[in-house]
Amino acid sequence: MISPARFRNRITRLAAWRLALVGLALAACAGPHTSVELAWTAPNADSAQLHRVVTLFVSRDVALRRPAEDEMARQLAERGVESRPAYQLLSRDDLSNLNNAKAKLRTLGYDGVVTMRIVGEEQSLNYVPPSFDAYWTWASPYFFWPGYYAPGYYSPGYVYTTTIVRMETEAYSLTDDRLVWAALSKTTDPGNTRKLIDDVTKTVATRLTDQGLVAWAADPALRGASARGARRATCFAA
């Protein structure tokens, strides 16, 4: 027969293993989470549906700009939208003059631009108080054993940091020369820039296609070419 002490130790070890497995499961699910905090759609936005889109990330950091433009173009291309990163079409001189840049894109046959820029980053401290997880109650038949203390697991309090990055995304119609959609997204604990870009562009591309603000390429071959071009650009940038 197992003694109360040995039985108690076994229960305590099982509790520790359970908590360890829960921690591993949470770690496996950890990752950035992006949500759209605010969004605005222009009246009659459907009439300005974008068919050939240029993606533009507003930043002086070329190392950040190119992957962001590539990924946004790739996300749209995967959804059947003909799209291309701005750095493949516009020079630094073009970007210094907005009217010249718009005129050049119109000449090349593009009717829309999706722009992105980081507008804020903040960190906050969060406190989790200590807790005690007991496995026995007064109703347990073992509670009245002399000298017996209910087994459990004590978790000390701890502090952790949460990072929040906000990004603004806007969709412009070059045909109507107007803003048709704007959104402010919030990403929690992106981990690194690459994960931030991946999560935001996926969320935004889904919104744009679900709302019908961007259109599938009329020619199925162009859809495939757009997706292949975006993948090649991503590989080249990497």
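By about how many helical turns are Glu78 and Arg74 separated in helix 2? Being four residues apart in that helix, the two are separated by about one helical turn, and their side chains meet in a salt bridge with an N to O distance of 2.5 Å, where a salt bridge denotes a side-chain nitrogen of Lys or Arg within 4 Å of a carboxyl oxygen of Asp or Glu. The model is a predicted one, in which local features need pLDDT of at least 70 and side-chain atom pairs count only at pLDDT 80 or more, while totals for chains, interfaces and linings use all residues. Residues are numbered from 1 along each chain as its sequence is written, and side-chain values use heavy atoms, with hydrogens and water left out.

Two packed helices are described by the angle between their axes and the distance between the axes. For helix 2 (residues 62-78) and helix 5 (residues 193-210), the axes come within 9 Å and cross at roughly 35°; axes here are lines fitted to C-alpha atoms over the stretch in contact, with angles running from 0 to 180 degrees between N-to-C directions, and helices (H or I, at least four residues) and strands (E, at least two) are DSSP runs numbered from the N terminus. The crossing is right-handed, that is, the near helix is turned clockwise from the far one by less than a right angle. Contacts, defined by heavy atoms within 4.5 Å, involve Leu64, Pro67, Ala68, Glu71, Met72, Gln75 and Leu76 on the side of helix 2, and residues including Ile197, Thr201, Val204, Ala205 and Leu208 on the side of helix 5.

The whole structure contains 13 salt bridges. Among them, Glu71 and Arg194 are joined at 3.1 Å, N to O; since Glu71 lies in helix 2 and Arg194 in helix 5, the pair ties together parts that are 123 residues apart in sequence. Glu71 is buried at 2% relative accessibility, whereas Arg194 is partly exposed at 36%, the classes being buried under 20% relative accessible area, exposed over 50% and partly exposed in between (1.4 Å probe, protein chains only). A network of salt bridges links Glu71, Arg74, Glu78, Arg194 and Asp198. In a further salt bridge, the closest N and O atoms of Asp177 and Arg106 are 3.8 Å apart; this pair links the loop between strand 7 (158-173) and strand 8 (178-188), where Asp177 lies, to helix 4 (residues 98-107), which holds Arg106, over 71 residues. Asp177 is partly exposed, at 46% relative accessibility, and Arg106 is partly exposed, at 36%.

Beyond residues up to four places away in sequence, Met72 touches Thr55, Val114, Met116, Thr201, Val204 and Ala205.

Ser185, placed in strand 8, is buried with a relative accessible area of 3%. The C-alpha atoms of Ser185 and Val36 are separated by 4.3 Å, although these residues are 149 residues apart along the chain.
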